[in-house]
Amino acid sequence: MRRMHLLSFALAALVAGAASAQQFSSLEERMTEEQFKAAGLDKLSPEELARLNAFIARETEQVASSLPAATPAEVDNRGFSGRSGPQGEIISSISGQFSGWKGAGDRFTLDNGQVWQVTDSATRLSVNLVNPEVVIEPGAFNSWSLRVVGYNTRAKVKRIK
């Protein structure tokens, strides 16, 4: 009965890490000498220990193979011309000091890593803000407009990165 508890404990500990395991490590490799003795595993014969390690390796492999395959993170292509995908608004912030925009060519790097550039020279915004929240909204004909939360002025923008 005690061996069943030890086996269950050892198996649970190994299965918990199965998703990130690249290859199986034996109990001797995974446990300190003190842990190994405290679990009573030092009382097993070399053949018994080999069978236990083989059993845990098979179980770990079965659990790992039954997990869904990792899917690559979706790339946010919103704002790029000709790219498909959801075209909802983008809410982010601009880190640090922000003084607005003076016209076409001004660039902004959002906290989410995206870089946007003002494309029209008709609108201007002069502010003195720190870490402002911005909303970039899709418009007609694959256009986008940027606005700073709390201000009504919008600038037409295009995504650079």
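This is a predicted model: local features need pLDDT of at least 70, side-chain atom pairs count only at pLDDT 80 or more; totals for chains, interfaces and linings use all residues.
**Surface.** The accessible surface comes to about 10600 Å², and carbon and sulfur atoms own 53% of that. Then I looked up burial: the protein has 161 residues, and 32% of them count as buried. I had to check what "buried" stands for here, and it is under 20% relative accessible area.

**Order of elements.** Next I went through the helices and strands. I found four helices and eight strands.

**Contacts.** I also looked up how far apart along the chain the touching residues are. Among contacts with a separation of 6 or more, 55% are between residues 24 or more positions apart.

**Strand β6 and its partners.** Which strands pair with β6? I found β1, residues 90-93, running antiparallel to β6, residues 133-138, with four bridges joining them.

On to β7, which covers residues 144-148. This strand also pairs with β6 in the antiparallel sense, this time over five bridges. Here I saw Pro-138 standing opposite Trp-144 in β7.

**The turn.** How many residues lie between the strands in the hairpin of β6 and β7? I noted five. In this hairpin I stopped at Phe-141, where phi is positive, near 55°.

How values were computed:
Residues are numbered from 1 along each chain as its sequence is written. Side-chain values use heavy atoms; hydrogens and water are left out. Helices (H or I, at least four residues) and strands (E, at least two) are DSSP runs, numbered from the N terminus. Buried means under 20% relative accessible area, exposed over 50%, partly exposed in between (1.4 Å probe, protein chains only). Contact means heavy atoms within 4.5 Å. Accessible areas come from the Shrake-Rupley method with a 1.4 Å probe; for residues, only the protein chains shown count as cover. Two strands pair if DSSP finds at least two bridges between them.
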